[in-house]
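Open the model in your viewer and keep the selection panel handy. We will go stop by stop.

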Amino acid sequence: MDQDSIILDEAQAFDARIRERLEAGFVPDLRRAEFCDYFYKSFWRDPHYIRLYLGWIMDGLLDLLHRHCGQGLRILDVGCGAGYMSLELARAGHHVLGIDVSQECIRAAETTRDNNPYTDGFGSLEYRVEPFMQSRGEYDVVLFCVSMHHMPDLDAVVAHAHSLTKSGGHLLFYEPCHERFGVRDAAQVGLIRGLLALAGMWFDPDETKDLVQSMDEAALLRYFKDLHWEYVMERDKNEPGGQSPHDLSVSGQDILQAVRERFTELETKPGLSFTYRVLGGLRGPRESIHAIADFLAVYERTCVANGLMNENMFYFVGRKDT
């Protein structure tokens, strides 16, 4: 498939996706998001979960930027979507250009930016509808936040990122590495979701009902494998497709190998594992489910950091030396 067709496919998918979300009340802002029951299992359902999940990811990106790259940086945010990460980077004092192939996403991002009340220490923020391979300029940092895995021509993408990065500048990303997440990890998720379902605190109370009634070992193992598939494919088994036609075009290992060929690796570290498909599924009194969410967030971070559970996402920062 040619590059123009890939771009059109992705743009149409994300245009439709953001329109549906906005009509349901979605607010693409980590600080001003509102409760939205359109999201039945996603962290986007509740501002508390957004802080636990995306807030932690954003803190990780800012930490890597500050320790390796500096302050007041000129950043290209590639595949910025509705702009919520670009906005936080600008709020942290950076000068950000967010690009995306989806016109509807950029329109939503501009609206959110224009109504931003958090202006103290704000750097600058511009958005463009622009395919990455058509980008020009020179940047202190080229950032991919869960966007590079949508780009099938990985070598060309990394080469272009290298050309846009100034000498001594940096490539930074947070991307999926689903190949690291195994059935053993899915079994932990199965235990958590099963207990929540039995307690009446999961959005689908029947998720493990048949398993409990049958006490069937083979059925339980199939459930774990189904959960593993769900996390690797980033969708429920009854969903017709992923986020977009070219979602998950490359693996985390593919990405890591490609970027190491052109950038000097400074730091790679694990991201999060499973809560992005659990937090929004909690049901019950707000105080109770928020307490459970807090515990699950600490549990996840502790398990991943200590090698007790495999991550689904990871960070990388590398420097351009030549």
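**Stop 1: a strand end**

Select Arg319, which is found in strand β7, residues 313-319. The model is a predicted one.

Now show the side chain. Arg319 makes a side-chain polar contact with the side chain of Asp321, at 2.6 Å. Next, display the neighbours of Arg319. Leaving aside residues up to four places away in sequence, Arg319 touches Gly168, Gly169, His170, Phe263, Thr264 and Leu266. Ser167 and Arg319 are 152 residues apart along the chain, yet their C-alpha atoms are separated by 8.3 Å.

**Stop 2: a helix pair**

Select residues 47-69 for helix α2 and residues 286-305 for helix α10. Their axes come within 9 Å and cross at roughly 15°. Angles under 35 degrees count as roughly parallel, so α2 is roughly parallel to α10. The crossing of α2 past α10 is right-handed.

Show side chains at the contact. From α2, pick His48, Tyr49, Leu52 and Trp56. From α10, pick Ile289, His290, Ala293, Asp294, Ala297 and Arg301. Colour by class: the contact of α2 with α10 has 6 nonpolar, 2 polar and 2 charged residues.

**Stop 3: another helix pair**

Move to helix α1, residues 3-23, and show α4 with it. The two axes come within 7 Å and cross at roughly 40°. That angle makes α1 oblique to α4.

Which residues of α1 and α4 make the contact? On α1 they are Phe14, Asp15, Ile18, Arg19 and Leu22. On α4 they are Gln103, Glu104, Cys105 and Ala108. The residues of this contact of α1 with α4 divide into 5 nonpolar, 1 polar and 3 charged.

**Stop 4: inside α4**

Stay on α4, residues 103-114, and select Thr112. Thr112 counts as buried because its relative accessible area is 9%, under the 20% cut-off.

Keep Ala108 on screen. Its backbone oxygen lies 2.9 Å from a polar atom of the Thr112 side chain. Ala108 is also one of the α4 residues in the contact with α1.

Finish by showing what surrounds Thr112. Not counting residues up to four places away in sequence, Thr112 touches Pro28, Asp29, Arg32 and Leu87.

How values were computed: Residues are numbered from 1 along each chain as its sequence is written. This is a predicted model: local features need pLDDT of at least 70, side-chain atom pairs count only at pLDDT 80 or more; totals for chains, interfaces and linings use all residues. Side-chain values use heavy atoms; hydrogens and water are left out. Axes are lines fitted to C-alpha atoms, for helices over the stretch in contact, and angles run from 0 to 180 degrees between N-to-C directions. Helices (H or I, at least four residues) and strands (E, at least two) are DSSP runs, numbered from the N terminus. Angles under 35 degrees count as roughly parallel, over 145 as roughly antiparallel, 65 to 115 as roughly perpendicular and the rest as oblique. A crossing is left-handed if the near helix is turned anticlockwise from the far one by less than a right angle, and right-handed if clockwise. Contact means heavy atoms within 4.5 Å. Ala, Val, Leu, Ile, Met, Phe, Trp, Tyr, Cys and Pro count as nonpolar, Asp, Glu, Lys and Arg as charged, and the others, Gly among them, as polar. Buried means under 20% relative accessible area, exposed over 50%, partly exposed in between (1.4 Å probe, protein chains only). A polar contact is a pair of N or O atoms within 3.5 Å; within protein, one must be able to donate a hydrogen and the other to accept it, and residues adjacent in sequence count only if both atoms are side-chain atoms.
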